[in-house]
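Trainee: Could we go through the aromatic residues and the nonpolar core together, one question at a time?

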Amino acid sequence: PDSTLVARPLGTTRLVTCASPDYLASSPPIDIPAALKDHACILFAAQGRHWYYRDGDREQAEEITPRLTCNQIRSASLACVQGLGITRLLHYQVADELADGRLVRVLREYEPKDLPIQLVYPHSLQLSPRVRAFVEWACPRLERVMPVLEAG
């Protein structure tokens with residue numbers, strides 16, 4: 001909403017709930033968000049203890065009692081890959097693990113809507129040559145490496 005800034009769209013991402021195939025094979029089914037109470041959850045601390053899901057047009061919150069709380073994204077994803085539980089991170093943060101099968105998305109039909117990824121910078125009249133050069137250099141590179149988000 002700040003008219004002095006420009007937001008250049010680069011792509012989208014989404015919060016995805018995922019677990020390792022080994023964890024899923026030895027745990028109760030997870031077909032609805034309320035089933036999370038029966039699972040070991042790995043919490044990325046910055047997201048808080050409520051995981052929000054979409055049920056049609058309605059948003060629902062599930063309070064998480066974590067087995068493990070991490071303040072680093074990589075720690076949460078590694079713990080999940082090792083089969084310690086279910087985690088919820090942004091798609092691009094676990095795209096490699098999902099692509100090679102180390103992690104599997106669960107609760108896909110309940111995932112919240114896509115989140116925009118944007119590079120935000122001052123309007124061109126206020127743009128320094130260094131910022132302009134960075135924007136022109138970074139945008140095409142970021143757009144190329146943005147992982148493709150498969151639909152729910």
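Mentor: Buried means under 20% relative accessible area, exposed means over 50%, and partly exposed is in between, with a 1.4 Å probe and protein chains only. This is a predicted model, in which local features need pLDDT of at least 70, side-chain atom pairs count only at pLDDT 80 or more, and totals for chains, interfaces and linings use all residues. Residues are numbered from 1 along each chain as its sequence is written, and side-chain values use heavy atoms, with hydrogens and water left out.

Trainee: Into which class does Trp137 fall, by its relative accessible area?

Mentor: The relative accessible area of Trp137 is 47%. That value lies between the limits of 20% and 50%, so Trp137 is partly exposed.

Trainee: How is the pair of Phe134 and Trp137 classed from its ring centres and planes?

Mentor: Rings of Phe, Tyr and Trp (its six-membered ring) pair if their centres lie within 6.5 Å, and planes under 30 degrees apart count as stacked, over 60 as edge-to-face and the rest as tilted. Here the centres are 6.2 Å apart and the planes stand at 40 degrees, so the pair of Phe134 and Trp137 is tilted.

Trainee: Which residue has its charged end over the ring of Tyr53?

Mentor: A charge sits over a ring if NZ of Lys or CZ of Arg is within 6 Å of the ring centre and within 35 degrees of the ring normal. For Tyr53 the charged end lies 4.4 Å from the ring centre, and the residue that carries it is Arg88.

Trainee: How many residues make up the largest nonpolar core?

Mentor: Such a core is a set of buried Ala, Val, Leu, Ile, Met, Phe, Trp, Tyr and Cys residues joined through side-chain atoms within 4.5 Å. Trp51 and Tyr53 are among the members that touch the most others, and the residues in this core number 15.
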